[in-house]
Amino acid sequence: MKRLTALLSALVAMMSTNVFAEYGLNMTEGVTSISHDIYDLHMMVFWVCVVIAVVVFGAMFYSVFAHRKSKGAVAAQFHESTKAELLWTIVPVIILIGMAIPASKVLIDLEDTSKADMSIKITGHQWKWQYDYPKEGISFISNLAQSHKDVVTGTDAEREAVGNYLLEVDKHLVLPVDTSIRFLITSNDVIHNWWVPAFGVKQDANPGFINDAWAQIDEIGTYRGQCAELCGKDHGFMPIVVDVVSKADYAKWVSEQQAEAKAAADSANKTWSKAELMTQGESVYNTNCAGCHKKDGSGMPPIFPAMTGSPIANGAAADHIGIVLHGKGGMPTFKMLGDADLAAVITYERNAFGNTGSVVQPSDVTSAR
Amino acid sequence: MTTATASHDDHHHGPEKGLMRWVKTTNHKDIGSLYMWFAFTMLLVGGAFAMGIRAELLAPGMQLMDPHFFNQLTTMHGLIMVFGAIMPAFVGLGNWLIPMMVGAPDMALPRMNNWSFWILPFAGGILLSTFFMDGGAPAFGWTFYAPLSTTFAPDSTDFFIFAVHLLGFSSIMGAINIIATVLNMRAPEMKLMDMPLFVWTWLITSFLLIGAMPVLAGAVTMMLTDRNFGTAFFDATGGGDPVMFQHIFWFFGHPEVYIMILPAFGVVSHIIPTFARKPLFGYSSMVYATASIAFLSYIVWAHHMFLTGMPVAGELYFMYATMLIAVPTGVKVFNWISTMWRGSMTFETPMLWAISFVFLFTIGGFSGLMLGIAPADIQYHDTYFVVAHFHYVLVTGALWSIIAATFYWLPKWTGKMYNEGLAKVHFWWAMISVNVLFFPQHFLGLAGMPRRIPDYSLQFADFNLISSLGGFAFGASFILLTYIVIDCVRNGKPTTARPWASAKGLEWTLEPKAQYHSFNTPPSRALIEQESQNS
């Protein structure tokens, strides 16, 4: 009996949250009231299942060991018992009602987004996230960090060295702590799903519709998540990184972003040199286009055509701008990029890879919109 | 495959000789064998895709394929296993067993039976040929959510749609045939409540098929017109709704999962009483539980869609309805255990598979209950927790029962006994490796690994490695299974008419290898009562 107690307490210790988290065995508790509620619900249902499993499997394995012919067991012939049937129908119903009540409470709470202090609009694109702060006038795209893309086919040591392999982006979403935030989630092409486990927020991004979710984050820190709905080739490569900062730091960040946005708007109005366009274009290309059309422009024909010798990249600039702005077939639209970036990347596509197309200025893109 | 069985054949003609026997056959036993061999071939093909998936996921980084090909593999693995392996295997079992179990000479519609089988190799061939087309095979998951499967899909999607239509025809014809056989060809002296549970579960499954498959046909037809004829059912820019696709798909898809598990419940309800030497505890409650599950399966579909932005009232309803399924499923598990209780058990191979089914399917049931809790599903949805769940119910549920049934009735099909020692080795090999393969996936999912990703962050590396190694071992176990079955057919020792002493059922009253034409005269009331599970 003593040994049994020792064994049981060791088991309980093993199942305590810390060990679970360390080995990645269990759900994490997260940093919002919703994620805590979900975690509690998860653990409750889990333990109910464990108890039922112990009883049911206990009976089954006892029977397997005790009631075997080789031990001389003689089969009883009993069968049919309305009492037993009623018992094992009614008891589960009662247990289920016991689970349904707290589950309903949590569900109603997490679906109520009416008390939010601020809103963030999240748009899924193949294969990146766009974040808009409607009131603050901030908008940016968040891609898997280039350093991570580079080591996907690299060595284990390289993947180790980049840190948080595949869970790093070129621009983090920044949110204030202790603020009730409403997420408005939509998509520009296929269905995506915005999931940050620590927030207990996971919501489909449907093209043409807006879903919402909310979170009030209790702790400053960096939180990571991923797209959770198959959205095509690079579904596994569109992570989410959120920096949760103090309210003061958040205000500072907002004013920096607004200044940057103003500078970017100004740059779209000037005329760029070809060299400037090419430099800027290469980095935009590698972030947005190389996933399908490849860094060297070879593409993956026939689904993703090659840039090299492409009739579009070597043809009329207007057609080229049109395709990049509006997409075509499997090619998504890139109209969410700024005019300067679009002009740069189109110029790059028309002049790199041995192509001989014309130079495109931001003003060309502006007028084509 | 063995050919003539002239000595057992007192009817005016036996099977034709040569290849044309299989092409032209209208015999339920031949067609049953064709279905089983086709399903087994597809199981190996789908298994090969799974090996590819697990090989890529063995370690972080992309080593073997590009992400687009990875998505093709996961998509085709799911489609081939569901439509090519599990469903045809159950139709094969139904073909072989139902006429013998209800004392009928053959299926009610034998020519249609031939047709519904011979559609399958063509449908499967069309589906597999998409790998060689420009743009590759479908890469949008076996659930093919629009608009990824419409606007953004490769050209081969139209071939996929055609293949799904063909598979649907085949399934509907198979279901009609089984309903007609059970209701019209049943021995005149056999009442419905005399029928063996495998017949009951298949009868109910047939109604699920007839209800669900046309809905799938509707979904793929809408996809077809969206892709080619300018409609916008699932395209918001034309006034459609991509979420509507999911409602239609899962209105098919949820009954579909019970199509794949109800006949399994039937199989296990035969095997456990036989080897416990004790009558099935609650025959009628098993029948009612099956019917309840079938009914519930039609009204819970949106529990696959808790994150699509449903109104909270919808989520509450679908959560409650889903939780209710635990009740009749629990009744089944309790019945099996009560049947074992105070029995006199022996553990021949079919019994090992059946007990393993009860154990592992119930684990899949527990994770299913957890997934049904809508708020918790927020964290589980589209993670490896879901992958673990549905592999526990489909591999260690549906597939387990098919293997159990194969060992249980193989003596009746071949007149020969398989190698019991090797079969037990195979059982333990598969039993251990399947858990090494799928159990760690629960942890991966809870720790936050999404499903359908070709590469993952480093904290998921250890469990993926374990899972992959388990996967390779599990895959290899099917080489042994193939050997055991072929060895039985070729070299098995002749067996008796009733190799399992306590087995009940009209099929065991036939010759050791069931004659090519059985029950030309219907069995008597006395025989039916003597062989009934409901005694």
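Helix axes are lines fitted to C-alpha atoms over the stretch in contact, and angles run from 0 to 180 degrees between N-to-C directions. The model is predicted, so local features need pLDDT of at least 70 and side-chain atom pairs count only at pLDDT 80 or more, while totals for chains, interfaces and linings use all residues. Residues are numbered from 1 along each chain as its sequence is written, and chains are lettered from A and ligands numbered from 1 in the order in which they are written.

In chain B, helix α6 (residues 197-228) packs with α8(B) at an angle of about 175°. Their axes lie 7 Å apart. Helices (H or I, at least four residues) and strands (E, at least two) are DSSP runs, numbered from the N terminus. The pair is roughly antiparallel, a term for angles over 145 degrees. Two residues are in contact if their C-beta atoms, placed from the backbone, lie within 7 Å. On α6(B), the contact residues include B:Leu197, B:Phe198, B:Trp200 and B:Ile204. On α8(B), they include B:Leu262, B:Pro263, B:Phe265 and B:His270. By class, the contact has 9 nonpolar, 5 polar and no charged residues. Ala, Val, Leu, Ile, Met, Phe, Trp, Tyr, Cys and Pro count as nonpolar, Asp, Glu, Lys and Arg as charged, and the others, Gly among them, as polar.

Between the chains, 80 residues of chain A are in contact with 79 residues of chain B. Four elements of chain A give two or more residues to this side: α3 (33-66), α4 (82-110), α6 (156-162) and β7 (201-205). The largest share, 15 residues, comes from α4(A). The side of chain A that touches chain B has 43 nonpolar, 23 polar and 14 charged residues.

Two loop residues have positive phi without being glycine. A:Lys294, with phi of about 70°, is found between α9 (290-293) and α10 (317-326) of chain A. A:Lys294 is partly exposed, with 16 other C-beta atoms within 10 Å. B:Arg277, with phi of about 55°, is found between α8 (262-276) and α9 (283-297) of chain B. B:Arg277 counts as buried, with 20 C-beta neighbours inside 10 Å. The cut-offs are 20 or more other C-beta atoms within 10 Å for buried, 12 or fewer for exposed, and in between for partly exposed, with C-beta atoms placed from the backbone.

Cis peptide bonds also occur in loops. The bond from A:Gln126 to A:Trp127 is cis, with omega near 0°. A:Trp127 is found between β1 (118-125) and β2 (128-133) of chain A. In chain B, the bond from B:Ala146 to B:Pro147 is cis, with omega near 0°. B:Pro147 is found in the loop between α4 (110-129) and α5 (157-184) of chain B.

Terms used
Angles under 35 degrees count as roughly parallel, over 145 as roughly antiparallel, 65 to 115 as roughly perpendicular and the rest as oblique.
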